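Subject: Structure handover

Hello,

Please find the structure below. My notes on it follow, for use alongside your own viewer.

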Amino acid sequence: MENWKQIDAAFLRHPFSHPDDVKDMLFVVRAQGDSVFDDRGERYLDAAASWWVNLFGHGHPPLVQALAQQSETLAHVMFSGITHRPALELARDLIALPGSPGGSVFFSDNGSTAIEVAMKLAWHYCKQNQVDSTCFWAFSGGYHGDTLGAMSAGERDVFVQPYLHLLAPVHFLEYNPKEGYDLDCIRRRIQQERPAAFLYEPLLQGAGGMRMQAPQALLPLLKLLKEEGVLLIADEVFTGFGRTGTTLASEQLIQPDLLCLSKALTGGFMPLGATLMSQEIAAATEQTDRNKRFYHGHSYTANPMACALALETLREWKSPTWQNAFEWLKQNHHARASEWKDRFPGSDARSLGSVLAINVPRKTSGYFYTDSIGREMYVAGLKAGILFRPLGNVLYTVPPLCIGALELERIYGFMENMLIQQGHT
Ligand SMILES: Cc1ncc(COP(=O)(O)O)c(C=O)c1O
């Protein structure tokens, strides 16, 4: 397709992009294993797992097979008043995961919708139980998606500012991963503000800059909130499937009341959102009074192909092959972060599970997304045959688990070069 850049600029709008970005745009024609390939046959290592969704690698044969089989049997059917095996089996398996709230699952389409469902369920539960709440709580610097409810709980940054008047009431707790939290002060605030629920990215704020938090810092806060009757909504859209070292980050913390999954849930093949809820929250949806029921739905709720992919993803993830690959990646990341911490003390080199991140020096002091360094690193990455998705000056990798030693070394080499070139000490 010769004139694809003109067609794209004229007829398409991309997420978080400007039409000018078309000049550095890739025309991707296929993807295999750890890489994507463009129309010129160039290969790019997928260092950011296609926006953190890919788990094992592109075109992973068991997932291809699961999708093909399911599409031949039942591609889709509405989920109101109807059920099917892929949804039944997947719900059963998700609920059994360590850290899960242990009740029921509501399926939707993506990470943002999983959050919307959780926020509405929390509100619904509070109404059913005469809990007198007027707001939600969330961490500063968080990201939960781009629909209005999810956006309300995210950082009020350049992306959110134009819509402030449309947002749900959310009050923020300063994210303080290093020092932890002043629990007496927070207890007093809970009594004043009576939040219905606290929405948090457990142990790792992704879009906010790969900001990692030790369980010891977060756990006392979550316990206090639970004791005070504030519902916990764990946003594991990014953290699910090993990004913090365990299948769910909540496994290292406390059982939340609601837990949201998406992204790697289908191994990176299809969109699917899942909101897991406790038995108490599920009970609040069992009202017989038609005026008090929980009403929410999407046309593609519990799409059978997406559910079949997620089931296969869970099966594969638990296999020794992938658990070994995951351990290997974790150890490599950890060793490299320790080395860089010594060599480049200002880089805040850090790793958690399958994520490795550094901060490269920035040229301006504005909000970090508006800094040009992110775009410069993206373009430099493409030239080196690596597809990154920097977050401002934060350069990170969360590669597909099939990545080999040589390819991983190429990614590390690029990151290290960025530190050297930008004069990091
Ligand atoms: C923690 C977290 N929650 C929610 C979302 C929203 O997911 P989606 O892009 O599928 O709507 C994201 C997306 O990056 C995320 O990182």
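This is a predicted model: local features need pLDDT of at least 70, side-chain atom pairs count only at pLDDT 80 or more; totals for chains, interfaces and linings use all residues.

Ligand shell

The ligand has 14 residues around it, and those that come nearest are Asn-110, Gly-111, Ser-112, Gly-145 and Val-237. By residue type, the shell divides into seven polar, five nonpolar and two charged residues. Helix H5, which covers residues 111-128, supplies the largest share of the shell, with three residues.

Strand E10 and its partners

Strand E10 spans residues 231-235, and five of its five residues are buried. Leu-231, Ile-233 and Asp-235 point one way from E10, while Leu-232 and Ala-234 point the other way; the residues of both groups are buried. E10 pairs with strand E7 (residues 195-200) in the parallel sense, over four bridges. In that pairing, Leu-232 in E10 has Phe-198 opposite. E10 is also joined to strand E11 (residues 258-261), again in parallel, by three bridges. Here Asp-235 stands opposite Cys-260 in E11.

Two open sheets

E1 and strand E2 (residues 35-38) run antiparallel and are joined by four bridges. Within this pair, Val-36 in E2 has Ala-31 opposite.

Another open sheet has three strands in the order E13-E14-E16, and its pairing is antiparallel. At the edges are E13 (350-352) and E16 (394-397), each pairing on one side only. On average, neighbouring strands of this sheet are turned by 20 degrees against each other, direction ignored. Three bridges hold the antiparallel pairing of E13 with strand E14 (residues 355-359).

Helix H10

Helix H10 runs over residues 304-318 and has 15 residues. From first C-alpha to last it reaches 21 Å, close to the 21 Å expected at 1.5 Å a residue. Which residues of H10 are buried? They are Pro-304, Met-305, Ala-306, Cys-307, Ala-308, Leu-309, Ala-310, Leu-311, Glu-312 and Thr-313. The cover over the buried residues of H10 includes helix H3 (61-73) and helix H4 (85-95).

Ser-50 has a phi near 50 degrees, which is a positive value in a residue other than glycine. Ser-50 lies in helix H2 (residues 49-52). Is Ser-50 buried or partly exposed? Ser-50 counts as partly exposed because 16 other C-beta atoms lie within 10 Å, and a residue needs 20 or more to be buried.

Met-210 likewise has a phi near 50 degrees, a positive value in a residue other than glycine. Met-210 sits in the loop between strand E8 (204-205) and strand E9 (211-212). Met-210 has 25 C-beta neighbours inside 10 Å, so Met-210 counts as buried.

Regards

Note on methods:
Residues are numbered from 1 along each chain as its sequence is written. A residue is near a molecule or strand if its C-beta atom, placed from the backbone, lies within 6 Å of it. Ala, Val, Leu, Ile, Met, Phe, Trp, Tyr, Cys and Pro count as nonpolar, Asp, Glu, Lys and Arg as charged, and the others, Gly among them, as polar. Two strands pair if DSSP finds at least two bridges between them. The expected span of a helix is 1.5 Å times one less than its number of residues. A residue is buried if 20 or more other C-beta atoms lie within 10 Å of its own, exposed if 12 or fewer, and partly exposed in between; C-beta atoms are placed from the backbone. Two residues are in contact if their C-beta atoms, placed from the backbone, lie within 7 Å. Axes are lines fitted to C-alpha atoms, for helices over the stretch in contact, and angles run from 0 to 180 degrees between N-to-C directions.
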